[in-house]
Amino acid sequence: MSEVYSKALHKTIEVNRIIGKISGKNSGPVVIFTGGIHGNESAGVFALQRVLDFLKPQESIFNGSIYALSGNLSALKNGERYNEKDLNRIWTPEYTNLLEQDNFKPSGEDEQEQLELFKAVQHILTVELGPFYFIDLHTTSGKTIPFAILNDSLLNRKFTMQYPIPLVLGIEEYLIGPFLSYINELGYVAFGYESGQHDSKQAIDYHESFIFLTLYFLDIWKNEALFKKHFKRLADAGKGFDKFYEIFYEHKIANNSNFIMKSGFENFQKIQKNQELAIENGIKVPAPRKGRIFMPLYQQMGDDGFFLIRQIPYYFLEISKVLRNLKFDTMLPLLPGVRWQSQKKDTLLVNRKIARFFAKQFFHLMGYRSKTLNKNHLIVKNREAASRNMDYKEASWY
């Protein structure tokens, strides 16, 4: 058990790995919320505790189950993003293969937290029937409206479209080893939700609203009056913003760099090409293109300085949906410079010299997201191949 402090509420609570659980009398979906995977983001933990305390007396009328998990307990106790390693960056095959083979020997507190979180998730997947939904609750260092961030699968898109908030696609191209990318590789609906600035009371309220909407959308627990209240709260917060965005640029902070974000930027704020965004090692960092700034770094820890995002046209999403449902990607290896890299036929190796006319967005249409292998090759992985579509076909939202 660890003590977790909220600067926003000036309050301390004690939580275990499992903050709480509600199991309904009737069968139904299983939703697993994680809060505090970064130790300086306690808002999700406090919101989960608040909602569980409110709902527990009504447990018997629930359909399905709710699990609330703590992420990095030791970092939460210290109020720091992480101890030695970012718990939301170490879910790579190097780690997860060892975890799945029960051959993982933790080195340091963060890896021990990873092992315990992995075991908690595996236990839930073993004892529950599903279908399963994983949602990771976060906050940001800068001011922001609430938004969801998701790996680009049709399952994730379809479920998250129910929320009245912006949806940001493509984070998997830029981050290595996030927890939810690992969960998506298992085929489940899984996405992140960012409610506001770390130490804002409003961030806790927006988390609370999001949790209630999730339970409503899943038919786990329904209260029309509360649904309308919380839907309006999030809709008002996201009013005036587009529904879908994609990340197209990341400013990565080099090791030992002195990076200082210019003050005053808010998430989703429009910026112009060459606009000064930060100072790194005494040199101005301009915006390489116009767009909207996304998750500017206003904290000491972390190596993602900022991202840039742009709106995704609706027609692009519709074309993408049709092509993916037709499994048009099976034709891609017929293109020059493109071949299967995986025997599972879910990963392509793209020779940039030969296939230089095929932009990343072309592969995005088919559900592929890319990683740079070297200066001549890209690896692009299919986000649809692992999706457990049959698990969700009876859901009301499907």
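# Faces, contacts and cavities in a predicted model

Reader: Let's start with H3. Which residues are buried there?

Author: Keep in mind that this is a predicted model. Buried here takes a relative accessible area under 20%. In H3, the residues that count as buried are Tyr 95, Thr 96 and Leu 99.

Reader: Within what arc do the buried residues of H3 fall, seen down its axis?

Author: The buried set is Tyr 95, Thr 96 and Leu 99. Look down the axis of H3 and these buried residues line one face of the helix, because they fall within an arc of 90°.

Reader: And which residues are exposed on the other side of H3?

Author: To count as exposed, a residue needs a relative accessible area over 50%. On the other side of H3, that goes for Pro 93 and Glu 94.

Reader: What covers the buried residues of H3?

Author: Cover here rests on contact, meaning heavy atoms within 4.5 Å. What covers them includes H4 and helix H6 (179-185).

Reader: Moving on to Phe 104: is it buried or exposed?

Author: Phe 104 sits in the loop between helix H3 (93-100) and helix H4 (109-127). Its contacts, leaving aside neighbours within four places in sequence, are Tyr 95, Leu 98, Leu 99, Glu 111, Gln 114 and Leu 115. Its C-alpha is 7.7 Å from that of Leu 115, 11 residues apart along the chain. Since its relative accessibility is 9%, Phe 104 counts as buried.

Reader: With neighbours within four places in sequence left aside, which residues is Phe 227 in contact with?

Author: You'll find Phe 227 in helix H8 (residues 224-237). Phe 227 is buried, because its relative accessible area is 16%. Setting those sequence neighbours aside, its contacts are Leu 213, Tyr 216 and Phe 217.

Reader: Cavities next. How much space lies in the largest cavity?

Author: Rolling a probe the size of a water molecule over the atoms shows where empty space is left. Searching the whole structure turns up three cavities of 30 Å³ or more. The largest cavity holds about 480 Å³.

Reader: Of the residues that line the largest cavity, which are the closest to its centre?

Author: The largest cavity has about 480 Å³ of space. It is lined by 35 residues, and the closest to its centre are Asn 88, Arg 89, Leu 175, Glu 194 and Met 295.

Reader: How many charged residues does the lining of the largest cavity have?

Author: Elements that each supply at least two lining residues include strand S6 (132-140), H6 and strand S16 (304-311). By class, the lining has 14 nonpolar and 14 polar residues, and the charged ones number seven.

Reader: What positive phi does Asn 256 have?

Author: Asn 256 belongs to the loop between strand S10 (244-252) and strand S11 (259-261). With a relative accessibility of 82%, Asn 256 counts as exposed. Asn 256 is not a glycine, yet its phi is about 65°.

Reader: And what positive phi does Lys 327 have?

Author: Lys 327 is in the loop between helix H9 (314-325) and strand S17 (338-340). Lys 327 is exposed, given a relative accessible area of 55%. Although Lys 327 is not a glycine, its phi is about 55°.

Key. Residues numbered from 1 in each chain as written. Predicted model: local features only at pLDDT ≥ 70, side-chain atom pairs only at ≥ 80, totals over all residues. Heavy atoms only, no water. Helix = DSSP H or I, 4+ residues; strand = E, 2+ residues; numbered from the N terminus. Buried < 20%, exposed > 50% of the residue type's maximum accessible area, 1.4 Å probe, protein only. Arc of directions from axis to C-beta. 1 Å grid on protein atoms, 1.4 Å probe; cavity = no way out; pocket = protein on both sides within 12 Å on 5 of 7 lines; lining within 4 Å. Points joined across faces, edges and corners; volume = space filled by probe spheres on them. Nonpolar A, V, L, I, M, F, W, Y, C, P; charged D, E, K, R; others polar.
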